[in-house]
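Student: Can we go through this structure together? I'd like to start with how the chains meet.

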Amino acid sequence: MKEYLVFNAFGAFAVKDKKVLEHKFFKDLKNPIKEIKELYEKYPDSVFENREIAERLNAKHEFPNEGGIFLRDNIDSIMKLDNEYYINLVKEKIKKASESKDKVIIQAVQALEQVDQSLNFFFERLREWYGLYFPELCDRIENHAEFAGIVKNEERKEKSMGADLEDTDIEMMKSFADKTLEMYNFREELVRYIKENIEKLTPNLSNLINPLLVAKLISLAGSFKNLAMLPASTIQVLGAEPALFRHLRKGAKPPKHGIIFQDPRIHTAPRWQRGKIARSMASKIAIAARLDFYSGEFDESVSEAFEIRLDAIRRKYKERPKKRR
Amino acid sequence: MENIIKKDERIYTKNLVPRETVYNEKLIKFEGMEYRYWDPFRSKLSAAILNGLHDLPLKKNSKVLYLGAASGTTPSHVSDIVENGRVYCVEFSPRAIRKLVNICEKRKNMFPILEDANYPERYAHLIENVDFIYQDIAQPNQTEILIKNSIFLKGYGALCIKARSIDVTLHPEKIFKREKKKLEEHFEVLESLRLEPYAKDHAFFLFKQ
């Protein structure tokens with residue numbers, strides 16, 4: 001009959017022939033290895049269920065094994081279980097998971113996307129609103145931030161086809177312009193923050209593509225680790241999920257690119273080159289992500305290889321392909 | 001079914017922690033006891049019961065392994081039912097388990113575990129052998145995950161299949177047939193149900209070892 005050394009959250013048990021030969025409850029639940037070791041020294045032939053501990057002690061391992069099954073069958077007769085330990089264990093794990101840098105960056109990127117959206121709404125509204133008073137300015141100044149700056153700081157001096165409004169009306173518009181500009185400045189600050197942090201986290205990826213795009217890819221993948229484990233073909237269409245599923249379900253054309261379309265080397269390229277560039281870029285992103293995640297060492301050659309391939313595509317497919325009949 | 005009552009086509013479970021709600025569900029009094037409304041649109045187990053599940057083999061002292069506990073809506077009702085038993089709630093997402101942990105603090109028969117159900121070895125030391133396994137993990141390999149975890153099972157189980165998570169290109173009916181077949185290689189399938197109108201493209205299987 002084999003001997004088994006099994007443990008649960010609260011203690012270690014030497015089990016043989018459906019009996020507990022000896023047990024030791026853990027004094028420090030966070031550090032159970034001491035009691036496990038002591039028991040193992042007394043029963044050096046025993047088989048472990050837990051691979052991690054078995055490897056640490058160089059012991060035999062089998063999962064599941066008779067000892068573990070016995071313990072899991074008879075917990076109530078051996079001890080009283082309390083869920084407090086479980087709750088604390090989970091809380092510690094949540095804390096650890098939240099501490100990883102990519103989680104913070106993902107939230108920041110998502111905040112940036114929402115700030116961008118809101119800013120657009122605000123600037124558009126400001127134009128419409130101020131347009132009642134000074135429509136000529138709205139038509140003259142195209143840049144949103146510049147426009148808001150003028151609304152905030154300057155007065156209407158020329159003759160205008162806009163309404164002559166009361167001071168309190170104009171004050172309110174100026175105040176809105178001021179708040180919107182404040183949000184605009186915060187956006188710049190946020191972009192700097194994301195770039196700095198992502199460059200530290202992913203030197204290779206940030207060298208290959210815009211750090212903001214790296215952050216967006218990580219956000220779409222769910223985590224840095226997830227991105228490093230994705231195949232290039234998935235990276236190529238990250239962010240184009242509706243189009244991808246339309247393709248899979250209804251046989252529509254597959255998307256050529258997802259969020260990586262935001263890279264100027266794709267969206268400024270001629271249409272017929274974009275798919276090829278996207279495919280090559282996605283492969284290099286996959287390589288760079290793995291380098292960054294698993295080694296962290298900077299390797300210029302990934303970006304260089306991509307630039308060479310990019311050149312080749314541009315030369316070889318210079319002309320628009322003839323329509324196939 | 002113990003600790004469950006049906007009134008006016010709605011079902012309720014006997015509240016283990018009187019006067020406390022978990023997700024702002026309605027509380028009612030019945031024969032001097034407090035019961036919590038069990039929303040079939042939020043809980044697929046409730047939907048299965050309303051759609052005609054004949055038997056839910058959970059007793060007041062059952063031990064349950066709940067895979068895919070998420071934020072704890074359904075586990076809290078299971079915890080009501082097995083008032084003297086235990087519910088081991090395995091969930092892999094730190095974000096989702098946050099709410100579950102708060103619920104466990106009030107319900108002493110719920111044991112949260114933050115682990116990947118693909119690897120039962122990682123939490124074998126935290127659980128015991130159970131009378132019932134409930135699995136509702138929207139993953140492509142969800143049936144395989146259940147089978148891996150059946151080493152802890154001595155009794156019954158329920159599997160909730162979400163066709164959309166297994167393969168969007170296949171017809172749901174086809175997926176349900178295939179997954180049922182996989183189940184039948186290891187268990188005796190007692191009941192199969194669809195969860196419409198409460199959940200789209202979902203199937204529910206009750207099985208016995």
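Predicted model: local features only at pLDDT ≥ 70, side-chain atom pairs only at ≥ 80, totals over all residues.

Student: OK, how many residues of chain B are in contact with chain A?
Tutor: In chain B, 31 residues are in contact with 29 residues of chain A.

Student: And what area is buried between them?
Tutor: About 2600 Å² is buried between chain B and chain A. Carbon and sulfur atoms give 61% of that. On the chain B side, B:Glu121, B:His125 and B:Leu126 lose the most area to chain A. Together they make up 23% of what that side buries.

Student: How many salt bridges between the two chains?
Tutor: Five. One of them joins A:Asp76 to B:Arg86, with the closest N and O atoms 2.7 Å apart.

Student: Which elements of chain B give two or more residues to that side?
Tutor: They are β6 (86-91), α3 (94-106) and β7 (110-114) of chain B. The largest share, six residues, comes from α3(B). By type, the chain B side that touches chain A has 17 nonpolar, three polar and 11 charged residues.

Student: What caps the N-terminal end?
Tutor: A:Asn210 does. A side-chain oxygen of A:Asn210 lies 2.9 Å from the backbone nitrogen of A:Leu212.

Student: And what follows the helix?
Tutor: A:Gly222 follows α11(A), and its phi is positive, near 105°.

Notes: Residues numbered from 1 in each chain as written. Chains lettered and ligands numbered in written order. Heavy atoms only, no water. Contact = heavy atoms within 4.5 Å. Buried area = accessible area lost by both parts, 1.4 Å probe. Salt bridge = Lys/Arg side-chain N within 4 Å of Asp/Glu carboxyl O. Helix = DSSP H or I, 4+ residues; strand = E, 2+ residues; numbered from the N terminus. Nonpolar A, V, L, I, M, F, W, Y, C, P; charged D, E, K, R; others polar. Polar contact = N/O pair within 3.5 Å; in protein donor to acceptor, adjacent residues only side chain to side chain.
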